[in-house]
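User: I would like a close look at a single part of this model. Please keep it brisk.

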Amino acid sequence: MGASAGNQQGKLAGKTALVTGGSRGIGRGIAERLGRDGARVAVHYGSNEAAAKETVAAIETAGGSAFAIGTELGTEGDAQALWSAFDAHADGLDILVNNAGVGTSSSFTDTDEAEFDRLFSVNVKAPYFITQLGAARLRDGGRIINISSGLSRAAAMPEIMAYAMTKGALDVFTRNLSKELGPRGITVNSVAPGIIDTDNNAAWLRGEANKAAWESSAKLSALGRVGDPSDIGAVVSFLASDDGRWVTGDWIDATGGSLM
């Protein structure tokens, strides 16, 4: 079991979790939910230390326990650096959430090799080697949740082809890893968000000027609204808990019914 958590009555009490890219957006929603459910949360950030500290403070204010670790992903030795930072705070892991990722607005014809390599380095290579090195730290019966995207199974969108390809690769990783780690009782799943109200989407989704985009995005969901980071946090919390023990190797549609 991990180090003590603030909420000793939560369903994840006594567990230690790591959320990559946990300082903002979907990652923050996940980190806050895991902390609220009793886990001690390592909030990883790439460059925005202030945002990570805000997330840690929010978790602690709600009665949880958390700490921040900063390492840039997509660079040589990134996985080793991340685990070195983690090991300074904790002696083992129960829940690994590979959430950190980068996107692109480059189309098929505009994407150059540097952009392609950046996407795959952060979105595919980093979680692969973070998990590879983290497997020895992950306790038997642990959980790995990879944050994918509804785009890996949605209608074709050539304008973000390379990004969607990285999420498809992450889904293949999930299925194969579930077989690899299954004998240890470790579950591995992908969670695929749809359109979520985050800072990264603010430029085209929020504000009076983008009212039409918000309304059309809401209509894509069977539930008639745009998703919130807390919606994804709730799904991840289920998979991380004992209630999710019989779900593994799966791709969880967390788009609010947008793919129907």
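How many nonpolar, polar and charged residues are in the lining of the second largest pocket?

Analyst: A caveat comes before the count: this is a predicted model. The lining of the second largest pocket has nine charged residues, four polar ones and two nonpolar ones. The space inside the second largest pocket is about 260 Å³. In total, 15 residues line the second largest pocket, and the closest to its centre are Gly25, Gly29, Glu32, Pro229 and Ser230.

Now the elements behind that lining. Two helices, helix 1 (25-36) and helix 8 (229-240), each supply at least two of the lining residues. Helix 1 gives the largest share, with six residues.

Glu115 sits in helix 4, which spans residues 113-134. Its relative accessible area is 17%, and the cut-off for buried is under 20%, so Glu115 counts as buried. The side chain of Glu115 has polar partners. One is the side chain of Thr104, in a polar contact at 2.8 Å. Another is the side chain of Arg118, in a polar contact at 3.2 Å. Leaving aside residues up to four places away in sequence, Glu115 touches Gly103, Thr104 and Ser106.

How values were computed. Residues numbered from 1 in each chain as written. Predicted model: local features only at pLDDT ≥ 70, side-chain atom pairs only at ≥ 80, totals over all residues. Heavy atoms only, no water. 1 Å grid on protein atoms, 1.4 Å probe; cavity = no way out; pocket = protein on both sides within 12 Å on 5 of 7 lines; lining within 4 Å. Points joined across faces, edges and corners; volume = space filled by probe spheres on them. Helix = DSSP H or I, 4+ residues; strand = E, 2+ residues; numbered from the N terminus. Nonpolar A, V, L, I, M, F, W, Y, C, P; charged D, E, K, R; others polar. Buried < 20%, exposed > 50% of the residue type's maximum accessible area, 1.4 Å probe, protein only. Polar contact = N/O pair within 3.5 Å; in protein donor to acceptor, adjacent residues only side chain to side chain. Contact = heavy atoms within 4.5 Å.
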